[in-house]
Amino acid sequence: MAYYLGLVQLIGIHTLLGLSAYILMLTGQLSLGQAGFFAIGAYSAGILTVIFQLPILPALFIGALIAAFFAFLVGFPALRVKGLMLVVATIAFSEFVRLFFFNLSWRVPRGDIVVGPDSTNGFREIRYFVANGWSAWEITAFVWVFVVLVMALLWWSDRSRTGSVLRAVGEDELAAQSVGVNLTAVKVAAMTAGGFIAGIGGGLYAHTATYVDHLTFTVLLATFAIAYPILGGLSSVFGTLVAVIFIQGVLVEGLRFLGDWRNIVFGLMIIAAMNLKPSGLFDAPTARILKRAIGLDERGKTGA
Amino acid sequence: MGDFWFEFVDITQIVGDGLLFGATYALIGIGFSLIFGAMGKLNMTYAAASLAGAYVGLAAFTFVDAPALAVFLVSALASGLIGFVVYVACFRFIPINNHLAALMASVGALFFVDEIIIHTTDGSPLTFPAMFDYVMLELGPYGVRGDLLFVFAVCIISTVGLLYVLYRSRLGLATRAVSQQDVAARLCGIDVHRTNAVTFVLAGLLGGIAGAMTAAAVGVLSPLITIPLTVKGLIVTVIGGLGSIPGAIAAGLLVGGLENVFLYFRGVNERDMYVLLLLFVFLVFRPHGIFGSAINRD
């Protein structure tokens with residue numbers, strides 16, 4: 001049971017990671033830096049609960065703020081230029097963060113042991129949940145409160161002016177600009193929000209895993225982050241959730257019998273998916289067909 | 001006075017070695033730039049494919065005992081072939097204006113190539129034959145490593161060869177036409193898909209040489225090089241100005257030289273961090289790169 005709860009926690013955390021890329025992708029931008037923001041959130045929140053002994057909520061919040069700050073810092077120069085520049089800047093940033101934590105050693109004595117990030121050996125002892133006697137159920141519920149909150153917030157904002165502005169920039173920058181949308185401001189705002197969400201996800205990850213090291217936050221993780229919304233399509237936040245459940249729940253667990261070959265299949269599947277469905281597996285037409293099939297879309301019934 | 005002199009010699013020696021090694025970064029940067037120039041897209045698989053080419057060359061050396069120069073030839077051909085396959089798999093059938101899908105597909109191919117390498121080698125580093133590493137030229141207080149000089153020379157020869165193809169052949173004319181205005185090129189009867197495929201193969205050939213050069217200069221081939229080489233290649237491309245070949249050369253040498261300075265002052269663990277910071281310095285102060293045009297083509 002504990003194993004499945006762990007999987008449910010992981011799905012929740014990866015949904016946050018995917019949503020952090022999703023909000024930026026609404027504006028038509030692709031970031032390979034989500035792993036970096038995730039890492040900043042993870043290490044910051046971990047350091048705050050372990051070294052500064054803050055409770056979990058303020059630690060998560062401050063960690064997410066730090067991640068958002070760096071997202072702003074990276075996004076601002078990169079987004080002024082052009083779309084592909086952001087890909088390069090964020091992949092460089094992600095590697096920079098990884099190398100930074102690879103080098104970071106900040107050990108403090110706590111009781112009879114020494115705790116804190118220990119460069120290559122990673123950051124162990126993030127044992128807030130254990131120390132405070134949280135059960136696996138409580139931890140899972142805690143993670144999913146954040147997932148539901150973020151999804152609700154994004155779902156709601158998608159139906160407000162914010163969502164229209166984001167999607168307008170993503171659909172046609174020139175048209176958006178000509179109706180008075182400040183492109184850089186919108187993209188940087190989306191980037192910052194994405195950094196915040198990834199930061200929360202990272203903080204939760206560090207505390208559920210109790211151990212992080214620099215190898216957790218590679219370009220592969222950043223690829224997962226953008227693979228979820230690409231696979232799930234950008235028509236709604238639920239696409240990302242479905243994609244995470246599909247990849248983490250079905251593929252990663254289901255393909256376990258393939259052993260090491262699983263990662264090769266992962267690369268091939270991305271290529272195949274992009275060739276067959278360039279705008280995502282659950283793109284707008286597919287979503288409409290699905291909705292019609294399960295009777296959610298009223299237009300399909302009355303319109304014909 | 002003496003101390004200062006020795007330090008000065010040390011640092012210039014280090015910068016010189018770095019400049020010579022930077023030629024490999026320049027080649028990788030040129031490859032990214034060629035493809036970006038032709039299609040306006042990033043081929044994230046490029047550096048991994050270059051190293052994969054070097055692995056094939058190494059296999060030729062190990063199993064058939066191929067002579068040193070043939071190793072480079074085999075590397076280049078293998079990488080050119082991989083370039084073609086990557087074009088067909090990740091770019092040919094994806095809509096021209098869908099940048100994200102093509103980028104994502106090539107990231108998928110990057111992991112695919114990387115995993116194949118890890119599987120066939122069990123993830124352990126392999127020794128790569130060095131060329132002329134017994135040669136050491138003495139220039140006053142300086143020593144020039146033979147293997148690095150060889151790397152530099154091959155890089156110059158291949159760059160000149162590429163420029164010749166680009167500017168003195170019908171093929172190059174077609175490539176440049178497509179990169180300037182693909183609609184106009186199509187109206188003139190140029191087969192855009194064929195030209196793009198040729199660009200990928202050309203870039204691949206160059207990449208194979210660069211991959212083998214990197215391996216020869218470092219002395220080992222390891223899957224651990226893939227991502228750093230990809231990132232450095234991309235940084236060189238951006239610093240040089242997206243799509244600019246002279247820019248990629250200048251930026252490659254700059255990154256190579258500075259990298260060694262960072263190595264000297266801060267050690268191997270922190271070296272790459274400063275190279276990455278260099279990108280942000282350029283993004284803030286010179287976002288269009290050294291030779292990039294100020295046109296915002298997305």
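Reply: Gladly. Let us begin with burial: a residue is buried if 20 or more other C-beta atoms lie within 10 Å of its own, exposed if 12 or fewer, and partly exposed in between, with C-beta atoms placed from the backbone. This is a predicted model, in which local features need pLDDT of at least 70, side-chain atom pairs count only at pLDDT 80 or more, and totals for chains, interfaces and linings use all residues. Residues are numbered from 1 along each chain as its sequence is written, and chains are lettered from A and ligands numbered from 1 in the order in which they are written.

Me: Which residues are buried in α11(B)?

Reply: An α-helix has 3.6 residues a turn, so residues three or four places apart point the same way. Helices here are DSSP runs of H or I with at least four residues, strands are E runs of at least two, and both are numbered from the N terminus. In helix α11 (residues 268-285) of chain B, the buried residues are D272(B), V275(B), L276(B), L279(B), F282(B) and L283(B). They lie on the same side of α11(B) because their arc around the axis is only 110°, taken from the directions from the helix axis to the C-beta atoms. N269(B), V281(B), V284(B) and F285(B), on the other side of α11(B), are exposed.

Me: How do I read the pairing of β2(B) and β3(B)?

Reply: Two strands pair if DSSP finds at least two bridges between them. Strand β3 (residues 142-145) of chain B runs antiparallel to β2(B), with four bridges. E138(B) faces G143(B), and L139(B) stands opposite Y142(B). Two residues separate the strands in this hairpin, and G140(B) in the turn has a positive phi of about 60°.

Me: What is the mean pLDDT of β2(B)?

Reply: pLDDT is the predictor's confidence in each residue, from 0 to 100. Strand β2 (residues 136-139) of chain B has a mean of 74, the lowest among the elements of chain B, while helix α3 (residues 68-92) of chain B has the highest, 92. Chain B averages 86, and 96% of its residues score at least 70.

Methods
Expected span 1.5 Å × (residues − 1).
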